[in-house]
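Subject: Structure handover

Hi,

Here is the structure I promised to pass on to you. My notes on what turned up in it follow just below.

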Amino acid sequence: MTIYRIAIVGAGPAGYFTAQALQNLQSDQRKFAIDMIEKLPTPWGLVRSGVAPDHPKIKTVSKVFEKIATTEGFQLFCNVELGKDISVEELVSNYDAVVIATGMDKGRRLGIPGEDLRGSLSAAEFVPWYNAHPDYVNVDVPLDTNTAVVIGAGNVAMDVARMLALEPRELDCTDTANHALEKLHKSSIRTVHIFARRGPEHVAFTSPELRELPKLKHTNVEIGQYDIEDALNRVTVSGNIPKDVQSNLDAMMAIAKTPQNGRERKMNFHFLASPIEIKGKDRVEEVVFAINEIQNGKVVETDKSYSVKAGLVVSAIGYQAEPIAGIPFASGRVENTDGRVGETNMYVVGWAKRGPSGVIGTNKSDAAAVMELLTTKLNSPKVNFDLITFLRTRGVVHVSQGNWEKLNSAEVAAGESAGKPRVKFTDRKEMLGFAG
Ligand code: NAP
């Protein structure tokens, strides 16, 4: 029997589904010894620091991750950073294959004047702040304003808008970070405007997320019925309406037709408006939008504009990856052909491979296809390499699967007494305490 050693860098959904794909490709003749490396002291990636706290069902995929992690041949090494604790060259030369599953954690920039004013944030900072990511605890999130603007029409914009527009008591029973919950309880925000630069027929929201909105107990959600009627007219004229577009328009029409009942909290959707400037003296005070039109099926900016007074702007317009030394990057992701990096034994999966698209489950088929390819390129196995000894020699403390299980149980136990699924640790030192 041949044993191949595979390093997976990144313990998010793409990393776990890669490990699962390898486990499924094992036979009596071929086994995989998998070392999963993660720079944070905790695994699960966006399932821990991205998925909105009021979406607990989505997080149950972590049960699948734990099953993968406790399957023979899998070892977890959290608190180990590629490029700092171990180099790309060291991984590539010591493992039969290396799979990069590091995702994307930098927010794309709007590139407009005023973007760096206080009160202007990227969802790439705001989301990990409310999700207790240890590196984002101190993000400055000023909530002492009546109105917030969210830019973007994707599911991240939707999560951000909901988190700002919800009655915070609805979050008390979730795993929202305590520091965020405390601030949200004192928030003055009562109106959240979401801005899409194109029409309702072009939004990247998905219909299950839209259909949740009329169920909010304390927030009126407003969409202009005329906006949806116009969009329906446009798509009807253009012929075949894709199923997801029809489903989104139906969901938005249902929201538009839901009677408003004078709730104090409001979420308003605006279409065909591109942000062109954020104004303010020391912090955000106003956001200026160019009015767009649809001409011959194309969205074009006009010279007309309008503005909205707001003290907070969160842009949720997509993500890009921070380049890692020794790995070729282009257009914010790892350069690859079908997941293989050049002619090397390095592969890439997930957002780092295909860009910031798809839901958690998308990573399953994506990783399976790349691992099929990887298995066709394997040579004779390399000499045995022991990452535990390597890290010990370097003085790197890693969080193993056993350590993580103890940390995980402590968070869940802390949550039980507070009526929450867990209370997340945010202090690295405290987390590393579980690694002895
Ligand atoms: P996304 O789905 O790609 O949406 C990005 C949005 O930003 C689009 O509406 C885009 O508009 C807009 N945009 C881009 N540049 C802009 C600019 N300069 N000015 C104004 N608007 C701009 O990205 P995402 O929301 O970050 O989500 C990433 C992935 O995670 C998606 O696949 C999403 O479905 C997934 N996700 C899923 C869930 C869930 O399942 N509940 C939750 C969160 C995220 P254009 O279309 O005009 O470019």
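A polar contact here is a pair of N or O atoms within 3.5 Å; within protein, one atom must be able to donate a hydrogen and the other to accept it, and residues adjacent in sequence count only if both atoms are side-chain atoms. Please keep in mind that this is a predicted model, in which local features need pLDDT of at least 70 and side-chain atom pairs count only at pLDDT 80 or more, while totals for chains, interfaces and linings use all residues. Residues are numbered from 1 along each chain as its sequence is written, and side-chain values use heavy atoms, with hydrogens and water left out.

A polar side-chain atom of R197 lies 2.8 Å from one of the ligand's oxygen atoms. On its own the ligand has 920 Å² of accessible area, and the protein covers 80% of that (areas come from the Shrake-Rupley method with a 1.4 Å probe; for residues, only the protein chains shown count as cover). A153 uses its backbone instead, with an N or O atom 3.0 Å from a ligand oxygen. The side chain of N155 also takes part, placing an N or O atom 3.1 Å from an oxygen of the ligand. In total, 22 residues surround the ligand, and the closest are A153, R197, R198, E209 and G358 (a residue is near a molecule if one of its heavy atoms lies within 4 Å of it).

Which helix gives the largest share of the shell around the ligand? That is α6 (residues 155-165), with three residues (helices are DSSP runs of H or I with at least four residues, strands are runs of E with at least two, and both are numbered from the N terminus). Helix α6 is mostly covered, as nine of its 11 residues are buried (buried means under 20% relative accessible area, exposed over 50% and partly exposed in between, with a 1.4 Å probe and protein chains only). Among the buried residues of α6 are D159 and R162, and these two also belong to a network of salt bridges with D54 and E212 (a salt bridge is a side-chain nitrogen of Lys or Arg within 4 Å of a carboxyl oxygen of Asp or Glu).

On to the other charged pairs. A search of the whole structure finds 24 salt bridges. One of them joins the side chains of E411 and R48, at 2.7 Å from N to O. E411 sits in helix α14 (residues 401-418) and R48 in helix α2 (residues 46-49), so this pair ties together parts that are 363 residues apart in sequence. Both ends are buried: E411 has a relative accessible area of 0%, and R48 has 8%.

The pair E115 and R109 meets at 3.5 Å, N to O. Here E115 is buried at 9% relative accessible area, whereas R109 counts as exposed at 52%. K106 forms a salt bridge with D105, their closest N and O atoms being 3.6 Å apart. K106 counts as partly exposed at 31% relative accessibility, and D105 is likewise partly exposed at 31%.

What about a charged residue without a partner? D85, in the loop between β3 (74-78) and α4 (88-94), is buried yet has no salt bridge; K84, the nearest side chain of opposite charge, is 4.1 Å away (Lys and Arg count as positive and Asp and Glu as negative, while His and the chain ends are not counted). A polar atom of the D85 side chain does lie 2.7 Å from the backbone nitrogen of E81. Leaving aside residues up to four places away in sequence, D85 touches N79, V80, F390, R394 and V396 (contact means heavy atoms within 4.5 Å).

Two more places to look at. Helix α5 (residues 123-130) has seven of its eight residues buried, so it is largely enclosed by the rest of the structure. S122 caps the N-terminal end of α5, with a side-chain oxygen 2.9 Å from the backbone nitrogen of A124. After α5 comes A132, whose phi is positive, near 70°.

Finally, T302 lies in strand β13 (residues 298-309) and counts as buried at 17% relative accessibility. The T302 side chain reaches the backbone oxygen of I291 at 2.6 Å and the backbone nitrogen of K304 at 3.1 Å.

Best wishes
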